[in-house]
Amino acid sequence: MNNDHQLSPPLTNSSSPRDKEPKEFQEFKKWREERIQRRLKGEYESYVLHLSELINENMDSQVNVSAVRVEGATNTRQSFLASIITPAIPPPSNPSSDKPSTLGDALHAARAISSALNKTDIFSKVEAYIDKPRSALASPTDVDLVFRTKERGRWYVSSSTELGNNEGSASASARIRNVFGGAEVFEANVSTGTKTRRAFRGALTAPLTSDLKTYGELSAYGSERDLTAYASCHEALKGVRAVIRRGTPNIGSHELAYDAVLRHIHRLTSGASLGIRTQAGPSLKSALSHTFVYDTRDDKIAGTHGAYFKLFNEVAGIGGLGGDERARFWKTELEGALSRSVGRGLALGVTAKAGYIQNFASGTTLFSDRFQLGGPTSVRGFKMNGMGPRMGEDSLGGEVYYAGGLSVVSDVPTKEHWPVKLHGWVNAGRLDTVAAGQASTPTLKSLLSQPSISAGLGLIYRFDPIRVEVNFGVPLAMSKGEAGRRGVQVGMGLEFV
């Protein structure tokens, strides 16, 4: 040893040649810590291996789950916990049972209950272990399953600015978790924006089944939208909504909803067309709808494989639903997308959507119920809602439409890690009306044979969860009266054609 670093007991020189003990004090300290860590790691691995062997050897041993205890769930109802725990508990063994409950059954139950507790989104931490039963009447084969939990904070308040579907907004939100002790969530949101001038929404969501796969939601909402960019009016909405949801998009999700909403077309500009003026005033829609979604895409913004399918059906004002006499119709929309990787850094995407309204009221469908088409997030190369029937500067919307797009997305050469991608696209679509008493077949043939087409190049910027596009597009074919847009177009949103 050097004289500068003399060791004193108990750090005496106990090395052997094969230990290769260093001479310098700092190196010796590091070497000693590493040796302790190697020993601890070895002991831990041996302990885990021994425990695994012990469990595997006793998986078929008879074990009864006498009780399940959830510790730390101070704000959660015991009845709610029982509803999600009871289905996972194996039945108790009895002398006449052909298949007694085993340790393996108890461990599977512990895993299932842990998964259910985490799925409620009430707890930030769930730890499970097996303990001796507390009951004095317990048998030697009885055990208790104990779950130590920590509940998440119940209150959350935030404010934000948002960009989506070519609109910017500022909003404030509040959320109360586990409102009544059964995994209920109440959310309230108020916002103001460039197109939606004012909006509010309050919603209460709660699980309806013990498997936590079916949820119900009750909400009230309202908004004031400025539509003067494509129609010379404003639209106010006030409504209530009840929803039942089940499933997940990767295996197929269903949503059954009832809406009662009061719409009001008002604040018409001085240049409003006759088509908009005849639509002015309030109308009440009472409707049932069903939505089915199947989505296996690896990425919703820039997917490289997977498929997306959505089917929406709505019935309003018929079958005893009530509502305004003018809001009686059946509406259906179909949407699909495919994404495929066709080479390194190169992906091909195909998107298609279509919709149809069958009007059951006297006169034409209401402006608020019609489809709109065209714009940077819809059929590119056209002004926002610039396709379909028009009167003057106003877009009147349509009752039947289709739109499709073919996109090629590529990495920027030598900059594969950039969130910016190169983008080439071709879009086609058509929007039209179906006159009262007119057969729909000729209209559909006209739609299919005379589409409006556009093409262009641009850039995609991935700004999670928003996709931003800057494109240069050119309309290649347009119907009479449609508003095309040649040049640069910026789109921001979640869904693009």
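User: Before we look at any residue, what does contact mean here?
Analyst: Contact means that heavy atoms lie within 4.5 Å. Please note also that this is a predicted model.

User: Understood. Which residues does Phe-147 touch, leaving out those up to four places away in sequence?
Analyst: Phe-147 touches Val-68, Arg-69, Val-70, Glu-71, Ala-110, Ile-113, Ser-114, Leu-117, Val-126, Glu-127 and Ala-128.

User: What is the bridge partner of Val-70 in β3?
Analyst: The partner of Val-70 is Phe-147. The strands β1 and β3 run parallel and are joined by 7 bridges.

User: In what order do the strands of that open sheet come?
Analyst: The order is β1-β3-β2, with mixed pairing. The edge strands, β1 and β2, each pair on one side only.

User: Which strands does α3 touch when it packs on the sheet?
Analyst: The helix α3 touches β1, β2 and β3, and its direction makes about 20 degrees with that of β3.

User: Let us turn to the largest nonpolar core. How many residues has it?
Analyst: That core has 23 residues, and Phe-147 is among those with the most contacts inside it, together with Leu-81, Ile-84, Leu-117, Phe-123 and Leu-145. Two or more residues each come from β1, α2, α3, β2 and β3. The helix α3 gives the most, with 7 residues.

User: What does the second, separate core include?
Analyst: This core of 13 residues includes Phe-329, Phe-382, Ala-403 and Leu-431.

User: Finally, how many helices and strands are in the protein chain?
Analyst: There are 5 helices and 21 strands. Of the 497 residues in the chain, 40% are buried.

Methods
Residues numbered from 1 in each chain as written. Predicted model: local features only at pLDDT ≥ 70, side-chain atom pairs only at ≥ 80, totals over all residues. Heavy atoms only, no water. Helix = DSSP H or I, 4+ residues; strand = E, 2+ residues; numbered from the N terminus. Buried < 20%, exposed > 50% of the residue type's maximum accessible area, 1.4 Å probe, protein only. Core = buried A, V, L, I, M, F, W, Y, C linked by side-chain atoms within 4.5 Å. Pairing = 2+ DSSP bridges. Axes fitted to C-alpha atoms, helices over the stretch in contact; angles between N-to-C directions.
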